[in-house]
Amino acid sequence: MAARIEDYALIGDLQTAGLVGRDGSVDWLCLPRFDSPACFAALLGDEENGHWRIAPEGAGSGECTRRGYLEDSLVLETVWETDDGTVKVVDFMPQRDRTPDVVRVVEGVSGSVAMLSVLRLRFDYGCVVPWVRRSHGHRVAVAGPDSVWLRSEPPVHTYGRDFSTRSEFTVSAGEKVAFVLSWHPSHEPRPERTDPHEALRSSLADWREWAARCTYRGPHRAAVLRSLITLKALTYAPTGGIVAAPTTSLPEEIGGVRNWDYRYCWLRDSTLTLGTLLTAGYDEEARAWRDWLLRAAAGDPADLQIMYGLGGERRLPEVELAWLPGYERSAPVRIGNSAVRQLQLDVYGEVIDSLHTTRRWGLPVEPHAWNIQRCLMEFLREHWREPDQGLWEVRGPRRHFVHSKVMAWVAADRAVRTLEDGPGLKGDLAGWREMRDEVHREVCEEGYDPERRTFTQSYGSRELDAATLLIPRVGFLPPDDPRVLGTVDAVRRELTHGGLVRRYSVDGRPVDGLPGGEGVFLVCSFWLADALHLTGRGDEARELFARLLSLRNDVGLLAEEYDPEAHRQLGNFPQAFSHIGLVGTALALAGDGRAH
């Protein structure tokens, strides 16, 4: 029986991340980067695809008694209470100097508890069994380019069985056994030893210092800070890029085919991410993300992509991994993402809005940033009338998506405002004003259904789109405009399921051209709460926000989607977009919505 998605907790070192189940098993870990091949892939298959479990001997597949993060950190503590005593396991990944480490410290709390560690390394997404040998007190696993070294302090009885490495030991009250797993390229010398106990002290101190920088002091601060910590954990520190999620192919419908690789950086998230970080006091992270964005967007504006790799890589070829059956038999399992080749005109608006946001907040201005924006604007002025695949990356025919046109208006509006605020800058002020007015007029004529009093998903369609909830937030129309009020009511009437919001209708012949359905989209539900707040329905907004907070798992994490009928999370996990939505709504409801 597979663990539910919400049964997992996150550990990471700001370059990659792992998922630890309530049974004490690390079922997903890619080394050395978020987008590297997984060495633990049981999440998308079974134990034979790689995992590392530490739990009381005889616990079977049983879950822990309780767990939680220590302080405001990414250090996970899991506790088992057994007939023989109580034991805890502390899991974390120290922020690295060079090589990644997974540290697991077992500590006896009371009594005397027999423990079992079972390590199954399976490189290349669960398909390569390494050669394991002993060397200088380590177990060394090697296969091709990958090498992993495992040791314990103090040494415990360790042996091989059924292509796994097992350790048996007993801890009594106050005793500790620490395991350190280190990855490095197989052609390089053995990595330097990590002191697990010093690493734990340093990790807690690092997170304590980082959390103290949070300036938010309003309601639900613990939930907001946990979401900010999650966003920090999804940051690739060397470049400042933020991945959408650390996983691939967790399904949007159990047994379905909507299984995508989210271990990349999306431009659509840029404005909301920057606003969230800046409002919460994390200027350094916002600046790193802004700089990543400038590097990614540099080049021919016609080549602007919707997503990039961690360092701005452009080629992300999509491949199906036939040997992995998928989470709860949800196939195919995909790595890479062919949506990278899609035309999505909204990203031009998101990039320009992001750079406008950083300028407005007073971040140091990069001299070349405005030149990049001018080039993007000139491309968009020539191409905004074209159909595209829209925010949701539909794999069906291109359409004139209303949200894409609204974001073209945002691009023109922010460019005009930048010139008005900085008269010394070069740009076609009159031409961009004209474009802004033309886009606005066309959207209101072609993208609005006066009969139903709502904006639609695309020109001439009857389908609705939750992205139209962003119309007042980006300033396209004021919140009290009847067309905004009608759109909010229509989305609530036609796109909600169990009180939460779907992206768009997947009944009949969905716009995305894919079979099957999906859960409600959590960030869209946060957008609805924002729209209710903006349109003067504060009590309903707070009620919806409280409902969304209740969907977090026991350690405060959210996936991309939720199934209101099965009461379970769906999609890649944890999802940056969902946590950005949580922080943004909390800030708005607290009256600190400057970022939006």
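This is a predicted model: local features need pLDDT of at least 70, side-chain atom pairs count only at pLDDT 80 or more; totals for chains, interfaces and linings use all residues.
Q: What does Thr-357 touch, leaving out residues up to four places away in sequence?
A: That would be Thr-271 and Leu-278. To count as a contact, heavy atoms have to come within 4.5 Å.

Q: What makes helix 3 "mostly covered"?
A: Eleven of its 13 residues are buried, where buried stands for under 20% relative accessible area. Among them are Ala-223, Val-224 and Leu-225, along with the charged residues Arg-226 and Lys-232.

Q: How does the reach of helix 7 compare with what is expected at 1.5 Å a residue?
A: From first C-alpha to last, the 15 residues of helix 7 reach 21 Å, close to the expected 21 Å.

Q: Which residues of helix 7 are buried, and what covers them?
A: The buried ones are Ala-369, Trp-370, Ile-372, Gln-373, Leu-376, Met-377, Phe-379, Leu-380 and Arg-381. Their cover includes helix 5, helix 6, helix 8 (402–421) and helix 9 (429–446).

Q: What makes the link between Arg-381 and Glu-378 a polar contact?
A: The side chains of Arg-381 and Glu-378 are joined at 2.8 Å. The cut-off for a pair of N or O atoms is 3.5 Å, so that distance qualifies. Arg-381 itself belongs to helix 7.

Q: Which residues does Arg-381 contact beyond its neighbours within four places in sequence?
A: Arg-381 is in contact with Asp-428, Gly-431, Trp-432 and Met-435. As for Arg-436, 55 residues away along the chain, its C-alpha is separated from that of Arg-381 by 9.5 Å.

Q: Why is the second largest cavity called a cavity?
A: The name applies because a 1.4 Å probe fits there but cannot get out. About 60 Å³ of space lies in the second largest cavity, and the count of cavities of 30 Å³ or more comes to five.

Q: What lines the second largest cavity?
A: The lining is made of Arg-290, Leu-294, Leu-355, Thr-358, Arg-359, Val-365, Glu-366, Ala-369 and Gln-373. Helix 5 (283–297), helix 6 (346–361) and helix 7 (369–383) each give two or more of these residues, and helix 6 gives the most, with three. By type, the lining splits into four nonpolar, two polar and three charged.

Q: What is the volume of the largest cavity, and which residues lie closest to its centre?
A: Its volume is about 160 Å³. Of the 16 lining residues, Glu-252, Trp-260, Trp-392, Glu-393 and Arg-503 are the closest to the centre. Seven residues of that lining are nonpolar, one is polar and eight are charged.

Definitions and conventions: Residues are numbered from 1 along each chain as its sequence is written. Side-chain values use heavy atoms; hydrogens and water are left out. On a 1 Å grid over the protein atoms alone, a cavity is a set of points where a 1.4 Å probe fits but cannot get out, and a pocket is an open set with protein on both sides within 12 Å along at least five of seven lines; lining residues have an atom within 4 Å of a point. Grid points are joined across faces, edges and corners, and a volume is the space filled by probe spheres set on the points. Helices (H or I, at least four residues) and strands (E, at least two) are DSSP runs, numbered from the N terminus. The expected span of a helix is 1.5 Å times one less than its number of residues. Buried means under 20% relative accessible area, exposed over 50%, partly exposed in between (1.4 Å probe, protein chains only). A polar contact is a pair of N or O atoms within 3.5 Å; within protein, one must be able to donate a hydrogen and the other to accept it, and residues adjacent in sequence count only if both atoms are side-chain atoms.
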